[in-house]
Amino acid sequence: MPRATHPHVPSQVSADGKTRQEVARLLLEQGPMTAVVVAEQLGISPAAVRRHLDALLADGEAETRDAPRRGPRGRGRPAKLFLLTEPGRARFGHAYDDLAVSAIRFLAEHAGEDAVRAFAEQRVEKLVGPHRPAITGSSDPAARAEALATALSREGYAASTRQVGAPAPGQNVGAQLCQHHCPVAHVAAEFPQLCEAETEAFARLLGTHVQRLATIARGDSACTTHVPVTTGNPAHPEPGSTVPTGREARIPNGGKPA
């Protein structure tokens with residue numbers, strides 16, 4: 001997307017962003033292509049085009065490959081063809097979220113809510129299951145929460161933990177697990193079963209009764225889960241107990257990390 005213009009930002013920044021988007025769009029629609037061809041198509045200098053191509057390469061949004069030679073092999077390096085990578089294509093959006101929502105709607109209509117729930121549970125198991133040994137290696141819920149945050153970050157959720165509360169007699173000290181990104185937020189907004197299954201999986205992995213305080217799917221700035229770490233909380237949720245979901249608890253700061 002073109003960069004927004006701000007009063008304190010030179011207009012050249014905005015112009016550069018627009019030109020870079022045009023370069024990327026040309027690669028999307030007609031690539032792979034050389035820098036010279038891109039310059040000819042856009043009517044700007046090859047030097048300017050190479051500057052934008054170098055920026056796309058540095059950001060991982062484009063890649064190069066050697067152009068096939070035609071005729072006798074000559075001296076010098078072969079021409080480079082530029083093409084977009086998957087992150088570069090993401091500049092122009094995609095319909096993956098819409099497809100996922102449509103698929104889960106179909107599942108709900110034809111197989112019922114239990115099927116949606118089973119799908120949500122299977123999805124979160126595939127997400128965190130491979131990391132279970134690293135997460136459950138400690139008996140301390142706070143250490144487990146930190147290991148879970150590391151695992152979630154590796155899966156694209158940009159997670160972190162922070163201690164909340166101050167140690168004092170009778171005070172509920174805990175850890176706050178924050179996921180600053182959610183790749184399925186758009187889908188979870190319509191199907192909260194995804195968030196509910198995730199929360200319950202966290203409780204099993206952490207070995208304590210957790211509380212989901214906020215979710216990106218509901219409009220909060222982060223998905224925030226409270227993990228109690230003081231004594232007096234069961235090492236495992238009591239049989240028959242329920243884990244509060246994002247719809248049952250909120251915090252005043254809208255899910256922002258403490």
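Thr-208 is located in the loop that joins α10 to β5 (211-214), where helices (H or I, at least four residues) and strands (E, at least two) are DSSP runs numbered from the N terminus. The structure is a predicted model, in which local features need pLDDT of at least 70 and side-chain atom pairs count only at pLDDT 80 or more, while totals for chains, interfaces and linings use all residues. Residues are numbered from 1 along each chain as its sequence is written, and side-chain values use heavy atoms, with hydrogens and water left out.

With a relative accessible area of 2%, Thr-208 is buried (under 20% relative accessible area; exposed is over 50% and partly exposed in between, for a 1.4 Å probe and protein chains only). Between the C-alpha atoms of Thr-208 and Asp-140 the separation is 9.7 Å, and the two residues are 68 residues apart along the chain.

The average pLDDT (the predictor's confidence in each residue, from 0 to 100) is 81 for the protein, and 77% of the residues score at least 70. Over residues 1-13 pLDDT stays under 50, and the model has seven contacts (heavy atoms within 4.5 Å) beyond four places in sequence for that segment. Residues 231-258 also have pLDDT under 50 throughout; for these, the model has 57 contacts beyond four places in sequence.

Leaving aside residues up to four places away in sequence, Leu-152 is in contact with Leu-127, Val-128, Tyr-157, Ala-158, Ala-159, Leu-177, Gln-179 and Phe-202.

No disulfides (pairs of cysteine sulfur atoms within 2.5 Å) are present in the structure. Cys-195 takes part in none, the nearest cysteine sulfur being that of Cys-223 at 6.0 Å. For Cys-223, the closest cysteine sulfur is in Cys-182, and the distance of 5.0 Å is too far for a bond. Cys-195 counts as buried at 14% relative accessibility, and Cys-223 is buried with a relative accessible area of 3%.

His-181 occupies the loop between β4 and α9 (185-190) and is partly exposed, its relative accessible area being 40%. The C-alpha atoms of His-181 and Cys-223 are 7.8 Å apart, with the residues 42 apart in sequence. Beyond residues up to four places away in sequence, His-181 touches Gly-156, Tyr-157, Ala-158 and Ile-216.

One cavity of 30 Å³ or more is found in the structure. On a 1 Å grid over the protein atoms alone, a cavity is a set of points where a 1.4 Å probe fits but cannot get out, and lining residues have an atom within 4 Å of a point. Grid points are joined across faces, edges and corners, and a volume is the space filled by probe spheres set on the points. The largest cavity has a volume of about 50 Å³. Its lining consists of Arg-123, Cys-182, Val-184, Ala-188, Leu-194, Cys-195, Glu-198 and Arg-212, with the largest share, three residues, coming from α10.

Note on methods. 1 Å grid on protein atoms, 1.4 Å probe; cavity = no way out; pocket = protein on both sides within 12 Å on 5 of 7 lines; lining within 4 Å.
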